[in-house]
Amino acid sequence: MTDDNVVVVEQGSFEAQKIAKAMSSPTSADLFNALSDYPMSATALAERCELPLTTVKYHLENMMSAGLIEVTDTRWSAKGREMKIYAVKDQVVVIAPRKKVDIRGIVERYGVAAGALAIVCSLGLAIPSTLLGFVQGTPGGVTGVTPALVKSGFDALATTSVAETTASAATMPLWIHEAVMVFFVAGVVILAMMMVYEVYSMRRDI
């Protein structure tokens with residue numbers, strides 16, 4: 001028997017209630033034990049257990065609904081009627097305790113993720129600011145003149161005034177700050193949505 005044949009049912013769940021209802025009667029237990037020997041039709045079960053056919057069919061339907069038995073074949077009676085052959089499912093049913101939603105654990109887990117996101121965003125602001133501060137603090141080769149920042153594609157070096165270079169560099173932290181903040185807010189929103197969905201899914205499965 002493989003793991004696919006093991007069915008875990010939570011105590012108090014709808015599936016567990018159907019199993020309890022199907023097996024609460026001694027008649028159901030007798031029919032189930034009879035089918036455990038070999039597959040049979042409802043008529044054969046009625047004859048073997050000496051029960052009315054309507055009673056046998058009622059309990060078979062309950063056990064079918066609970067997933068305890070299944071129809072494995074069909075045969076034709078002497079009168080030309082199609083008969084279903086019932087058999088016990090090859091499985092083990094385990095009744096497990098009801099799951100509880102660990103709200104605290106979920107919040108702590110996503111809180112750690114949000115903290116890591118905040119650290120990454122802080123580094124995203126600190127590193128460019130440090131580099132820009134280093135560039136702004138580098139003296140030029142000529143009084144009042146500094147090499148311009150190298151533009152995309154390695155543009156030719158040109159000379160500009162210190163004021164122009166400082167103004168150009170000062171605009172970069174604002175853009176970086178806005179980009180990092182957008183990334184941080186989007187990350188927090190996504191984490192919050194994931195947390196809410198996880199809590200909802202766990203509550204729905206209970």
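Biologist: How many bridges join strand E2 to strand E4?
Modeller: This is a predicted model, in which local features need pLDDT of at least 70, side-chain atom pairs count only at pLDDT 80 or more, and totals for chains, interfaces and linings use all residues. Residues are numbered from 1 along each chain as its sequence is written, and side-chain values use heavy atoms, with hydrogens and water left out. Helices (H or I, at least four residues) and strands (E, at least two) are DSSP runs numbered from the N terminus, and strands pair if DSSP finds at least two bridges between them. E2 (residues 40-41) and E4 (residues 82-88) run antiparallel, and the number of bridges joining them is two.

Biologist: In what order do the three strands of the open sheet lie?
Modeller: E2 and E3 are the edge strands, each pairing on one side only. The pairing in this open sheet is antiparallel, and the order is E2-E4-E3.

Biologist: How many bridges pair E3 with E4?
Modeller: Arg 75 stands opposite Met 83 in E4. Asp 73 has Ile 85 as its bridge partner in E4. Strand E3 (residues 69-76) runs antiparallel to E4, and the bridge count is seven.

Biologist: Which residue in the turn of the E3 and E4 hairpin has a positive phi?
Modeller: Five residues lie between the two strands of the hairpin. One of them, in the turn, has a phi of about 85°: Gly 80.

Biologist: Is Ser 41 buried or exposed?
Modeller: Ser 41 sits in strand E2. Contact means heavy atoms within 4.5 Å; leaving aside neighbours within four places in sequence, Ser 41 contacts Met 83, Lys 84, Ile 85 and Tyr 86. Buried means under 20% relative accessible area, exposed over 50%, and partly exposed in between (1.4 Å probe, protein chains only). With a relative accessible area of 7%, Ser 41 is therefore buried.

Biologist: Which residue in E4 is the bridge partner of Ser 41?
Modeller: Contacts of Ser 41 beyond four places in sequence include Lys 84 and Tyr 86. Its bridge partner in E4 is Ile 85.

Biologist: At what angle does helix H2 run to E4?
Modeller: Axes are lines fitted to C-alpha atoms, for helices over the stretch in contact, and angles run from 0 to 180 degrees between N-to-C directions. H4 lies across E3 and E4, running at about 130° to E3. H2 (residues 26-37) lies across E2, E3 and E4, and its angle to E4 is about 90°.

Biologist: How much space lies in the largest pocket?
Modeller: On a 1 Å grid over the protein atoms alone, a pocket is an open set of points where a 1.4 Å probe fits, with protein on both sides within 12 Å along at least five of seven lines; lining residues have an atom within 4 Å of a point. Grid points are joined across faces, edges and corners, and a volume is the space filled by probe spheres set on the points. The largest pocket holds about 350 Å³. Of its 15 lining residues, the closest to the centre are Ala 42, Thr 43, Lys 57, Glu 82 and Met 83, and the space is about 350 Å³.

Biologist: Which element gives the largest share of the lining of the largest pocket?
Modeller: H3 (42-49), H4 (53-65) and E4 each supply at least two lining residues. The largest share is five residues, from H4.

Biologist: Is Glu 50 buried or exposed?
Modeller: Glu 50 is found in the loop between H3 and H4. Its phi is near 55°, a positive value in a residue other than glycine. Its relative accessible area is 72%, so Glu 50 is exposed.

Biologist: What distance separates the C-alpha atoms of Phe 183 and Leu 117?
Modeller: Phe 183 lies in helix H6 (residues 162-205). Beyond four places in sequence, Phe 183 is in contact with Leu 117 and Cys 121. Phe 183 and Leu 117 are 66 residues apart along the chain, and their C-alpha atoms are separated by 9.2 Å.
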